[in-house]
Amino acid sequence: MPKYVLTIVYLSLLAGQLALVSSSEQGFYQQSPGLLILLALAAYAVTALLSQLTQLAETHPTYAAVTKVLVPSLFAFMLLLTWQSIVVGFAVSAVLLPAPSAIFYSLGNNLPMFWADFKQTYLKAVLAGYFLGCSAGFIVAQLAVKSRFLRLGLVPLGNFMSAIPIVGIAPIMVMWFGFDWQSKAAVIVVMTFFPMFINTLAGLQSTDAIHNDLMHTYAANKSQIFIKSQLPQALPFIFNALKLNSTLALIGAIVAEFFGTPIVGMGFRISTEVGRMNMDMVWATIVVAAIAGSLSYGALALLERSLLFWHPSFRGTHKR
Amino acid sequence: MKNLNIGASWLPLASMILAIISIWYLAALIMNGNQLINQLERKKQQWSYSQVASEAYQVKRPMLPAPHQVALELKKSVFDTSVSSKRSLVHHSLITLNSTMLGFFLGSVVGIVIAIGIVHNKTLEASLMPWIIASQTIPILAIAPIIVVVLGALNITGVLPKAVISMYLSFFPVTIGMVKGLRASDTLHVELMRTYNASALQTFWKLRWYSAQPYLFASLKVAIAAALVGAIVAELPTGAQGGLGSRLLSGSYYGQTQQIWAALIMAALLGSLLVWIVNLAETALLKRRGGLSNA
């Protein structure tokens, strides 16, 4: 069984590199550059492991679900390991690039502060702005689908808005609504409105006329037609906008905080800690933002999957 | 019937723009008027509504400058100042355009290369694709200051740090679009290539590259707008010496609202100009292909 032997060799190479990094002191590559060979071997081992895993997933579909998680995790693990090795091994200054361990250390040490930042930026500004912007876009799209006049006026405007950097209105909103979260929410409302409007409109217009006719033969009233036929058909488009907007909202909040905020918030933390050269704090804030962004995106994707299980793009993905 | 529709379609847009401008004037009157009244009351002066109404559009630092004030500022900083001056918006736009274009170019190349790798290598797809999607859920703009500081410490300053941020924002739409496009070739054609015993390289250049082009252009339009946003935001926290982003920041520090609005309008014009140019290139190319666009 040479394949298993190879796998064990690869895994031990990886473990060796891990042991080397965690036990050696700063600057070990500078003292003995030959150790870099082990890093290269470990990197090769990981690529080989990854291709073994993908082959395994192809030949044994039962493992597909496991490898789907394992392959990207292993890839990210190797990236982090290389990052850690190079930063520690060459004694790279923490101002330039802090080691992943240092980032997680400062994240763990300042949890209450990061929680306060998260509350200010995400729970207040992002959620409020996101809900207002998305529902406004949704409602206006309902009006526009009925009125050709509104549609012809708003759609070119929406296309125009997608080409311009809306984040730029942040200083104006800070001036109008003050330093606190309201101004950030206002930026997000403007940023999220048009993607939601355009997508909902496209979704509502994509509805099959035949379905509406069918509903008509059922003597369905207007709200029944909307809830049972039009809305489900528009949902894939709406979820596209919701997912796109979830990342836009976080960006808008953080960038708007560069223009002035009370002394709390993720954008505030980033800009002050960059000024104090505490790069590990900056990176830790980004880890928080990344987790928040990925979790909200993931939650939306799950919701989409549970509501749109009938859609061709999801059919058969949850069961094999 | 169709001709009639074309004649009528500019009317809604025009009335929408007219409505926006009149709302803008009204809002400016209310917001600046309130500001003016507060000022006068603090000085304990008498005031009347007619006086406020006549002065509301001449406030020095208005809450909301009226459209004609923005237009005047735009004219002053675009046409009345020499291009080399630091007060010229053209000067700042060129700085921003510089890093936008470099970032857009780098981002497109990186995006296309990653897409080619993903399409041809299953391992690469399995390990890279989830992270590429995850990378977009991270507020990338948040890392703008880090990139600029890190590259600055390596003695790389000027246009490149900003371009890197533009690149990071613009590579994603290109990668996603190209993966879709490279896989959009007709199955029959792919099988035909196989019967010709074509290598992967030949299949790529003679078939996949062509099926990907319509998708590529659709992504490029998104990417160039994203690159502009990246360049402008990169100019915010870095203390950049110029660019539309630094105009926005200095305008907000000194309460120069007209300056902010002029920079914003300039950014909007620049963005739509860039998208329009990509659009032109698309039409030219697809026309040369005989309108074979399938996307």
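Which residues does B:Ser166 touch, not counting residues up to four places away in sequence? Keep that one in mind while we get our bearings. This is a predicted model, in which local features need pLDDT of at least 70 and side-chain atom pairs count only at pLDDT 80 or more, while totals for chains, interfaces and linings use all residues. Residues are numbered from 1 along each chain as its sequence is written, chains are lettered from A and ligands numbered from 1 in the order in which they are written, and side-chain values use heavy atoms, with hydrogens and water left out.

Back to B:Ser166, then. B:Ser166 sits in helix α7 of chain B, residues 159-182 (helices are DSSP runs of H or I, at least four residues, numbered from the N terminus). Leaving out residues up to four places away in sequence, B:Ser166 touches B:Ser99, B:Thr100, B:Gly103, B:Ala227, B:Gly230 and B:Ala231, where contact means heavy atoms within 4.5 Å. B:Ser166 is buried, with a relative accessible area of 0%. For that word, buried means under 20% relative accessible area, exposed over 50%, and partly exposed in between, with a 1.4 Å probe and protein chains only.

B:Thr96 belongs to helix α4 of chain B, residues 89-120, and is buried at a relative accessible area of 0%. The B:Thr96 side chain reaches the backbone nitrogen of B:Leu244 at 2.8 Å. Not counting residues up to four places away in sequence, B:Thr96 touches B:Leu228, B:Ala231, B:Ile232, B:Glu235, B:Gly243 and B:Leu244.

B:Leu244 turns up again in the largest nonpolar core, which has 102 residues. A nonpolar core is a set of buried Ala, Val, Leu, Ile, Met, Phe, Trp, Tyr and Cys residues joined through side-chain atoms within 4.5 Å. Among the members that touch the most others are A:Leu242, A:Ile270, B:Leu141 and B:Leu244. The biggest share of this core comes from α11(A), with 13 residues. B:Leu141 has contacts in both chains, including A:Ile251, A:Val255, B:Ile165 and B:Val233. Apart from this core lies another, of 27 residues, B:Met129 and B:Leu216 among them.

Now for the place where the chains meet. The contact takes 49 residues from chain A and 51 residues from chain B. About 4,300 Å² is buried between them, with carbon and sulfur atoms giving 84%; buried area is the accessible area (1.4 Å probe) that two parts lose on being put together, summed over both. A:Leu96, A:Pro165 and A:Trp176 supply 14% of what chain A buries against chain B, more than any other three residues. There is 1 salt bridge between the chains, and the side chains of A:Glu58 and B:Lys122 meet in a salt bridge at 3.5 Å, N to O (a side-chain nitrogen of Lys or Arg within 4 Å of a carboxyl oxygen of Asp or Glu). On the side of chain A that touches chain B, α7(A) gives the most, with 11 residues.

After α12(A) comes A:Met277, whose phi is positive, near 60 degrees. A:Ser223, in helix α11 of chain A, counts as partly exposed at 45% relative accessibility.

Methods:
Helix = DSSP H or I, 4+ residues; strand = E, 2+ residues; numbered from the N terminus. Polar contact = N/O pair within 3.5 Å; in protein donor to acceptor, adjacent residues only side chain to side chain.
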